Structure formats: C-alpha cells, structure tokens
Amino acid sequence: MNKTPWHSRLVLILALLLPVYFASAALGTKFGLWSWQTGLGTLIAKVGPILLGVVAFAALISLVIAALKKPRKGWFLSVIALFVPITAFLLLAMVRSQAGAVPAIHDISTDTANPPGLSAAAMAAREESGANPINDYQTPLGELEPWKDGDPELTSKSHAQIITSAYADLAPLPLGGASKADAVAAVAAAMEDMGFDNVVADVEAGRVDGVSETFWFGFKDDVTARVSETQIDFRSISRVGLSDLGKNAERIEELRANVAARL
C-alpha cells in the first residue's frame, strides 16, 4: 500500500504551524513577552512574509512532485499547504491596503476645535505605559516628532484638518430631551456593553472614560465622552502606533450609535 509522500505531510505541518506562529507573535505582545514593535513590526510585518514565502514555495514544489511522480499521491495535502500561506498573504495585503486608505493618525474626536480631554487618571495611565503624547489638534503634523519626516501632503495638515476631511460623517450626538445625568449613564452603559475596561463616569464633570483593548495584541485605546447640556462629544486615542487603521473613528461611530439607542 502506497503511503502519502513525506514531503506532502511535511509541508502541511509547516503550513498548519503558520497560524500558531502569527497567534504567538500577537499574544506574546499582549502578555508582555516582547514589545509591540517586536511583535507587530518584526515578527509579523518583517519575518512573517518571509515564512509565508518559504512555506508557499515548499508547498508548490511538493505539489509539482506529487502531481508528476506516480502514483500521484499526496497532492491534495500539498494544495492545502499552499492555500494557507496564500490566504495569509491576501489578509496581510488587505491590512496594508486598509492602512493606506486612511490617514496615519491615531487620535480622533467629534470636536476638532476643542476635543474632549482625558481625566487625570487616564493621563496617568498613559504616562505609566509610555503611550503616545496628546498633541494639539491645530498643530501641523510636520511639526510633531512622529510625523516630521512623513508625506508632505499629510504633514502639512493638522489633526483638525485631517479629521474634518477624512471623517466628515463624525458628529456629536444631540441630547434631545435627555438629561445630562441620563446621558452620562447611557455612555457608561454603552462602553460596558462594548467591552471597555476601567469605565469611570463623572456626572458632575460630564465625562465618561473607558479603555478599549484589542484581543490579539492587547493594544489599548483611551476613549472619553464629554457630556454638555446639549450634546455628547467623543474622542478615541491609541496609546501606541502611528496609524490606527481607522479603528478609532469606527469605535466612535459604534459608541455613538450605541448611546443614541439608549437615549
């Protein structure tokens, strides 16, 4: 009885180890085994594509051998092994495409003239974690350290200009007939419902703070809502990284919709 060729079994094992590698790179970042620059920038962005290419090439060679050499066994395993890295390549390409489709900023607010400020506790947590600084919305990005050598088309604009242009649909939420206390309670409940950590509501100050953490890498974004007598403004700020891939704006939209449904 002919057995499945060793090379077909080997490339399948290598292909199945790829998701384990990428998951380990992400979770290692989340649990503090290495920095996010190592986990995302090195293990995934740099080493990951090399591993995908090696496994894809090995799977292709295995497929050719299995298809040409009688009794032509093991080709299906080789196809599966080839499918895994190709799929991963496509996913990485989608992420890079998404990164290029949104401006490389990580601080978004519905009020670009006077964005809501974070509480003292939230600022202390950011400082303790070595988070990105909070930048003035009116300063051109080219005058800020992270962006000074970036694309002139981007760096010539301020956060306020970029947000207004790229996220024109972001807007404060009118209170309507709701009281300020009810609005604060609705924001806090919405944040809890969305899985935010460290949700703190201050009715007197008209502010609700929370922390959104991603599952895989454990990236933390600070989210705050400012409740006035007439409306609620939202702000979401990433602690690390240059671009948020549009996630802060998406989070604000989701939080705004969640709060609106409760008022």
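This is a predicted model: local features need pLDDT of at least 70, side-chain atom pairs count only at pLDDT 80 or more; totals for chains, interfaces and linings use all residues.
Strand β3 covers residues 197-202 and strand β4 covers residues 207-213. The two strands run antiparallel and are joined by 4 bridges.

Between the strands of this hairpin there are 4 residues. At G206, the hairpin of β3 and β4 shows a positive phi near 65°.

## Packing of α3 and α4

Two packed helices are described by the angle between their axes and the distance between the axes. For helix α3 (residues 47-68) and helix α4 (residues 75-101), the angle is about 150° and the axes are 8 Å apart. α3 is therefore roughly antiparallel to α4, since angles over 145 degrees count as such. The crossing in which α3 passes α4 is left-handed.

On the α3 side, the contact is made by P49, L52, G53, V55, A56, A59, L60, S62, L63 and A66. The α4 side contributes W75, S78, V79, A81, L82, P85, A88, F89, L92 and R96. By residue class, the contact of α3 with α4 comprises 16 nonpolar, 3 polar and 1 charged.

## Packing of α2 and α3

Helix α3 also packs with helix α2, which spans residues 36-44. Here the angle is about 35°, and the axes of α2 and α3 lie 4 Å apart.

T42, L43 and I44 represent α2 in this contact, where they meet V47, G48 and P49 of α3. The residues of the contact of α2 with α3 divide into 4 nonpolar and 2 polar, with no charged residue.

## Two loop residues

P71 is located in the loop between α3 and α4. Its relative accessibility is 52%, so P71 counts as exposed; the cut-off for this class is over 50%. P71 and T4 stand 67 residues apart in sequence, and their C-alpha atoms are 9.9 Å apart in space.

N132 belongs to the loop between α5 (120-129) and α6 (152-155). Because its relative accessibility is 19%, N132 counts as buried, a class that requires a value under 20%. Leaving aside residues up to four places away in sequence, N132 touches H106, R126, S238, R239, V240 and G241.

Technical notes
Residues are numbered from 1 along each chain as its sequence is written. Side-chain values use heavy atoms; hydrogens and water are left out. Axes are lines fitted to C-alpha atoms, for helices over the stretch in contact, and angles run from 0 to 180 degrees between N-to-C directions. Angles under 35 degrees count as roughly parallel, over 145 as roughly antiparallel, 65 to 115 as roughly perpendicular and the rest as oblique. A crossing is left-handed if the near helix is turned anticlockwise from the far one by less than a right angle, and right-handed if clockwise. Contact means heavy atoms within 4.5 Å. Ala, Val, Leu, Ile, Met, Phe, Trp, Tyr, Cys and Pro count as nonpolar, Asp, Glu, Lys and Arg as charged, and the others, Gly among them, as polar. Two strands pair if DSSP finds at least two bridges between them. Buried means under 20% relative accessible area, exposed over 50%, partly exposed in between (1.4 Å probe, protein chains only).
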